[in-house]
Amino acid sequence: MAEIARFGVSIDKDLLDKFDRLIKKEEYTNRSEAFRDLIREKLVVAEWDKGSSVAGTITLVYDHHRRDLLNNLTDIQHDYHDLIISSQHVHLDHNNCLEIIVVKGDRLKIKKLAYKLKASKGVKFGQLSMATTGKNL
Ligand code: NI
């Protein structure tokens, strides 16, 4: 287990009150865990700005009836097969599909893959969720 360090933080009382209200809503039982998560979030953002290998998910919602779109999305994923660990397709209703693509690898290539999928005509929603490989946290 890592060594624990303690430090004091000077902060505007109003700002701390707002923070406390927020973390209570988010079910944190103490400030320390909320601070640790904030620090981890910053580190993950830095990983996506400068790191070499990252991990995340791409979520898409699209029209099931557009066969050209389905082919296009599949073609794009084949072009980037080395980044894709797995994908899950859910039939939301008669018209809509939701797809979750788990990705790991070069951050710039992953961003490009996400941009291409999102920009495909007929995609109603597309979001890259930037997670971490966990190695640097
Ligand atoms: Ni479907």
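In what follows, a residue is called buried when its relative accessible area is under 20%, exposed when it is over 50%, and partly exposed in between, with a 1.4 Å probe and protein chains only. Good morning, colleagues. The structure above is a predicted model, in which local features need pLDDT of at least 70 and side-chain atom pairs count only at pLDDT 80 or more, while totals for chains, interfaces and linings use all residues. Residues are numbered from 1 along each chain as its sequence is written, and side-chain values use heavy atoms, with hydrogens and water left out.

I begin with helix α4. Helices (H or I, at least four residues) and strands (E, at least two) are DSSP runs, numbered from the N terminus.

Which residues of α4 are buried? They are Arg107, Ile110, Lys111, Leu113, Ala114 and Leu117. Viewed down the helix axis, these buried residues fall within an arc of 160°, so they line one face of α4; the arc is that of the directions from the helix axis to the C-beta atoms. The face turned away from the buried side carries the exposed residues Leu108, Tyr115 and Ala119. Contact here means heavy atoms within 4.5 Å. The cover over the buried residues of α4 includes the helices α2 (31-50) and α3 (67-79), together with β1 (53-63), β2 (84-91), β3 (96-106) and β4 (123-130).

A polar contact is a pair of N or O atoms within 3.5 Å; within protein, one must be able to donate a hydrogen and the other to accept it, and residues adjacent in sequence count only if both atoms are side-chain atoms. At the start of α4, a side-chain oxygen of Asp106 comes within 3.0 Å of the backbone nitrogen of Leu108.

I turn now to the metal site. Donors are N, O and S atoms within 2.8 Å of the metal (3.2 Å for Na, K and Ca), and because water is not among the atoms, sites may look incomplete. The nickel ion is coordinated by His89 through NE2, His91 through ND1 and Cys97 through SG, at 2.1 to 2.4 Å. Along the sequence, these donor residues follow the spacing H-x1-H-x5-C. His91 is exposed, at 61% relative accessibility, whereas Cys97 is buried, at 1%.

Asn96 lies in strand β3 and is buried, with a relative accessible area of 14%. Leaving aside residues up to four places away in sequence, Asn96 touches Tyr62, His64, Val90, His91 and Lys124. With Lys124 there is a polar contact between side chains, at 2.6 Å.

Finally, the salt bridges. A salt bridge is a side-chain nitrogen of Lys or Arg within 4 Å of a carboxyl oxygen of Asp or Glu, and by this rule the count comes to 6. In one of them, Asp20 pairs with Arg31, the closest N and O atoms being 2.7 Å apart. Asp20 lies in helix α1 (residues 13-25) and Arg31 in helix α2, so the pair ties together parts that are 11 residues apart in sequence. Asp20 is partly exposed at 23%, as is Arg31 at 39%.

Within α2, Arg40 forms a salt bridge with Asp37, with closest N and O atoms 2.6 Å apart; the two residues are 3 apart, about one turn of the helix. Glu33, Arg36, Asp37 and Arg40 are linked in a network of salt bridges.
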